[in-house]
Amino acid sequence: MSFERIREKLNILADAAKYDVSCSSSGSTRTNKNKGLGDTGTGICHTYTEDGRCVSLLKILMTNYCIFDCAYCVTRKSNDIKRAAFKIQEVVDLTINFYRRNYIEGLFLSSGIFKSADYTMERLIAVAKKLRLEENFNGYIHLKSIPGASDELMREAGLYADRLSVNIEIPTISGLKLLAPDKKHEDFVKPMLKVKNEIIQYKAEKKIIKSTPIYAPAGQSTQMIVGATGESDKDIMYTANHFYKNYNMKRVYYSGYVPVIEDSRLPALGSQVPMLRENRLYQTDWLLRFYGFSVNEILNDVNPNLDIDVDPKLGWALRNMNEFPIDVNTASPKMLARIPGLGMYSVSKIVKARKFRRLNWYHLKKIGVALNRAQYFMICDANEWHHKDLQPAQIKGLILQNSKGKFRSSYSAQLSLFN
Ligand code: SF4
């Protein structure tokens, strides 16, 4: 196969893979053994685009031929596009060559479904197996699980891949029926359940037999498309929460729908989901996983969608002013974490510092707690709430005025931390 042909395939199949955002390479502890190539433990440097997407993997499809016709997908069979397919050895060679040249730290491999789910999954596994067993490749591998693939193949995939993911794509069953009539909800959840159970089982066995391999050490993730159907943010976050709780998801990714196909079931070409909506969903996801919030507190029938102009924690605080002010000298860490503007790092600094003295504004500044937002929601030594006469709308106005232009940079920094 000529170099030009490989390059052409790469152009087509890397471009087709760009809509999948579930490719963060964190969370794996695979180490380099037997003088192999690569090391995910310390060798991977992550690079994130401004909106938090990881760009350090060779991210390609095995093929963009597909037997299905999901309305939202550029690869769908009825779409008139240039098609291509890699051979197994071609993907192996590309990965090794790119790794040696330091272009990538690992591989993210997905695929359109050709012939059947099992046939496609077998080919993805064959790439990972060759990389691990023949090339002694210890770099990061993220394999896409093909909906409907057999349990046996899912078990095998996790022995070679660091992370597995099956994209739920559409947050509700009714939306899925409308846009992807060939797919069944069970086709997504069955492999997820298999992966979850295998992870648990292999971990348990490893406690007894030390040589047991680690199954999918970086866990599993999924992705939902936002804005292809009319789901509210509440629907999306309830679905995400369900997957975190019931399938031990490491991450749920939210990808704003980019209209690329004219279809009466989809938003019109040229319309676009605001990047800020994606960002607000990620912030909410963060609050659910690390700040002890429940979905119902942030999104409910009264507030089914997130505010675009303020972050979800501030939005919650402004709607629940009866919970404030919070006394930084006595409040539990859980309540401190609810103060807008305080991250978990600041909470831990406060908890440590207040063991030695009652804290005042000066002490808080001295230990590096950012007060520009937090000051409206807390009291310290003098027990005097300076802002008690302000209405929520006034507090919001003051905060927005103070934070103009600061959002993008601080948000990008946060995203790079939690990917
Ligand atoms: S099965 Fe996957 S690749 Fe095929 S059309 Fe549906 S979303 Fe696209």
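**Ground rules.** I am working with a predicted model, where local features need pLDDT of at least 70, side-chain atom pairs count only at pLDDT 80 or more, and totals for chains, interfaces and linings use all residues. Residues are numbered from 1 along each chain as its sequence is written, and side-chain values use heavy atoms, with hydrogens and water left out.

**Entry 1: the ligand.** I looked up which residues are around the ligand. I found Cys66, Phe68, Cys70, Tyr72, Cys73, Arg76, Gly112, Ile113 and Lys183. To be listed, a residue needs a heavy atom within 4 Å of the molecule. By class, this shell has six nonpolar, one polar and two charged residues. Here Ala, Val, Leu, Ile, Met, Phe, Trp, Tyr, Cys and Pro are nonpolar, Asp, Glu, Lys and Arg are charged, and the others, Gly among them, are polar.

Entry 2: Where does the ligand sit? I find it in the second largest pocket. "Sits" means that more than half of its atoms lie within 2 Å of the grid points. I noted how the spaces are found: on a 1 Å grid over the protein atoms alone, a cavity is a set of points where a 1.4 Å probe fits but cannot get out, while a pocket is an open set with protein on both sides within 12 Å along at least five of seven lines; lining residues have an atom within 4 Å of a point. Grid points are joined across faces, edges and corners, and a volume is the space filled by probe spheres set on the points.

The second largest pocket has a volume of about 800 Å³. Of its 41 lining residues, the closest to its centre are Tyr19, Asp20, Cys73, Glu169 and Gln223. Its lining has 23 nonpolar, ten polar and eight charged residues.

I then checked Glu169. It lies in the loop between β4 (163-165) and α5 (173-179). Helices (H or I, at least four residues) and strands (E, at least two) are DSSP runs, numbered from the N terminus. Glu169 has a positive phi of about 65 degrees, although it is not a glycine. Most residues other than glycine have a negative phi. At 14% relative accessibility, Glu169 counts as buried. Buried means under 20% relative accessible area, exposed over 50%, and partly exposed in between (1.4 Å probe, protein chains only).

**Entry 3: a cavity.** I found three cavities of 30 Å³ or more. Helix α10 (residues 312-319) gives the most to its lining, with four residues. Trp316 is one of the lining residues.

**Entry 4: rings.** How many aromatic pairs are there? I count ten. Rings of Phe, Tyr and Trp (its six-membered ring) pair if their centres lie within 6.5 Å; planes under 30 degrees apart are stacked, over 60 edge-to-face, and the rest tilted. The ring centres of Tyr99 and Phe137 are 5.3 Å apart and their planes are at 90 degrees, so this pair is edge-to-face. Both Tyr99 and Phe137 are buried. Phe293 and Trp316 are also edge-to-face, at 5.2 Å centre to centre and 85 degrees between the planes. Phe293, Trp316, Phe324 and Phe377 form one aromatic cluster.

**Entry 5: a cis bond.** A cis peptide bond joins Phe324 and Pro325, with omega about 5 degrees.
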